Structure formats: C-alpha cells, structure tokens
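These are my notebook entries on one structure.

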Amino acid sequence: MSKEKVPRSVEQCIVIKFLVGENVPSSEIHHRLQQQYGDECLSQTRVFEWCKCFREGRERVENEPHDRRSRKSITEPNIDHADALILENRRITVKELGAIVSISVGSVEDILKYHLHYHKVNAWWVPRTLTDVNKMVHMQAASRLLQKFEDEGDAFLKSKMTTDETWVHYFIPESQQSSREWRHTSSPKPKSVWRSRSAGKVMATFFWDRQGVIHVDFLTGARTVNAAYYSDLLAADVKEKIRSKRKTGGMRVAFLQDNARPHTAKTTMETLRKLKWNLLTHPPYSPDLAPSDFYLFGRLKSDLQGMRFVDNDAIIQTVREWIRRQPQAFFEKCIRTLP
C-alpha cells in the first residue's frame, strides 16, 4: 500500500505504535500528534485507547472489520408508517416511533436520516405572533420607505433621523458568546460565575442619523420618559443640536420613532408639527424598522459587558466616550439597511 493511500487515522496509529514501543507517555503522544496533524488529530480518548491496546500486545493498526448486516426492519411500509406518525405529531420522539412501529431505535434513526431526511429543529421564539393585518401594515410601511428612497435617493437617507431609549446598568454581565476563548482540546474549560444585571441604571435617549449621534440625554434615579419630557427634549435640545451639527439646520428631517406612548402623545405630535419634521410611519411590532434596537443598542451593550460603574456620572461619561469612538461608517451602515 502506497503512502498516499494510507488513511490519516491509520497513519496516526502507526505513529502511536512506534512511540508506545519507545515508552513515550500517552499524554505526550497525543501532544505530538496534535502538533503534527492539527484538526485531523485523533481525540485524546481514542489516542489513549490505542496506546493501551498496543501496550497489551496488539499488532494490527487498522480497526477490526465489522460484520454489518442490512436492517430488515427498514421497509417501505415502516418508512411510510413513521412518516405518517411524524406528520401527525411533529414532537414525537425516536423511542416513541420505535415502540409504535415495533422496530429498533437504530432503524428509526436510519429511516429518519437516510430515507425521510428529517432533522429536529428548535422553535424560534418571537415576542408576538403577527396577524395578517399586522403583516399587511408592515409591508405597506416598508414599501413606502423603499419608494421614498427610490424617488429621492441618497437625499432621503441624509434627512433620516431616528430615536429610542435604553437602560444602561451599573453592571452588564458577559454573555456566553462573548466569554468564549481559544483553548486546546486538552485544556480545561474556563469557568464563569453566573451574575445578573445590577439594579442601578440610567435611562439614555439617543437621537442619531447616518453621520452619528446628534444628541443623547440621560435620566437618573426613578425618572422615566413621559410625554412632557420627550416633547420638551425635541423642542429644545434636539432642535438646537440639529441646527448646530447639521448643514440643513433641521429644515428637512425625516423622523423615525416607534409607537411608545410618549412618542405618540398629543403634546409630542403638536411639537413635531411645529418643528415641521416629516414623521415616518412605524407600524406596531416592527423591530426591523427600529435601528436603535436591532443595531445601535446591541453594539453599545456588547462593548459595556463586564464593566462596573460606581455611579451615574461614570455611566454617562463612558457612554459619551463610546459615542465619540464610533466612526461615521458605523452609523451609515445601519441607516442604509432601512430602505
């Protein structure tokens, strides 16, 4: 047999047998194989098993041949029966299928994998199931946004400004995804103590467009956003910031906000009318049309994970510094996904 035709597993077994003959420890053999074969290296368990076999006098480096017999229970009637049971109950288990059809679990697994091509998937949790009316309203709103973009082009994106609020906690624990580390297969897994978010928090209200954050306001203590606060914020701080930071001076603003009560209150609507901003439609239950939620806040919270703040001022300062570090391309990328 030529060298090119030797399977990688058999090639490694030859190396293991040689090193066992040299009285090299099993752990050292596994380490050497990792250095040589990388991702193709046999698992530590398999290497240790081969080492034991060779020390006990085994000569053969290939796996023992198996007498595989065809499964007589895999028949067309059984396949059709299993398919009918699954269509009747999508959550039926392999054991239940085997008991009902009167075949082994192994046969059921072969039928599901190789004949019916089924695989189990988890349900995708969503905050609310949309009705047909909700979907139609959402599609109409998205179509209007797309039509405005097609009619006005880049000018529409330049005029678009959006807003939303979020809580920033004194401590945001690391997520499981962000705590992942590169380790060798033989290395112990890192441990992290479960922690919950702290009770201390600050409410941050962002107003931003494709160029960056126009204004951010903070509420501390037990204060929350209401119609009076939000309306005053629009008429004073946000209006002045747009005039000073944007060339249009607030003369042409396409304003996108969600349907929270402070945003749709009578006083807020009157303020927006006086500002002469073009209020874009935001249908209920439309997170894909809320760029702060699906883009900005996720990045902010991710960057703050694991950080501890001693007071409100520390949070406010850190958030302002985070805003200054973000390039314009970060904000423009999100705004361009909206049409």
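The entries below take the sheet, then the helices.

I worked with a predicted model, in which local features need pLDDT of at least 70, side-chain atom pairs count only at pLDDT 80 or more, and totals for chains, interfaces and linings use all residues. Residues are numbered from 1 along each chain as its sequence is written, and side-chain values use heavy atoms, with hydrogens and water left out.

Entry 1, the sheet. I took helices (H or I, at least four residues) and strands (E, at least two) as DSSP runs, numbered from the N terminus. Two strands pair if DSSP finds at least two bridges between them. I found an open sheet of five strands in the order 3-2-1-4-5, with mixed pairing. Its edge strands, pairing on one side only, are strand 3 (212-219) and strand 5 (278-279). Strand 1 (residues 160-169) pairs with strand 4 (residues 254-256) in the parallel sense over three bridges. There I located Thr162 opposite Leu256 of strand 4.

Which residues of helix 11 are buried? Taking buried as under 20% relative accessible area, exposed as over 50% and partly exposed as in between (1.4 Å probe, protein chains only), I listed Thr268, Thr271, Leu272 and Leu275 for helix 11 (residues 266-275). Seen down the helix axis, they fall within an arc of 100 degrees (of the directions from the axis to the C-beta atoms), so they line one face of helix 11. On the other side, Lys266, Arg273 and Lys274 are exposed. Just after helix 11, I noted a positive phi of about 60 degrees at Lys276.
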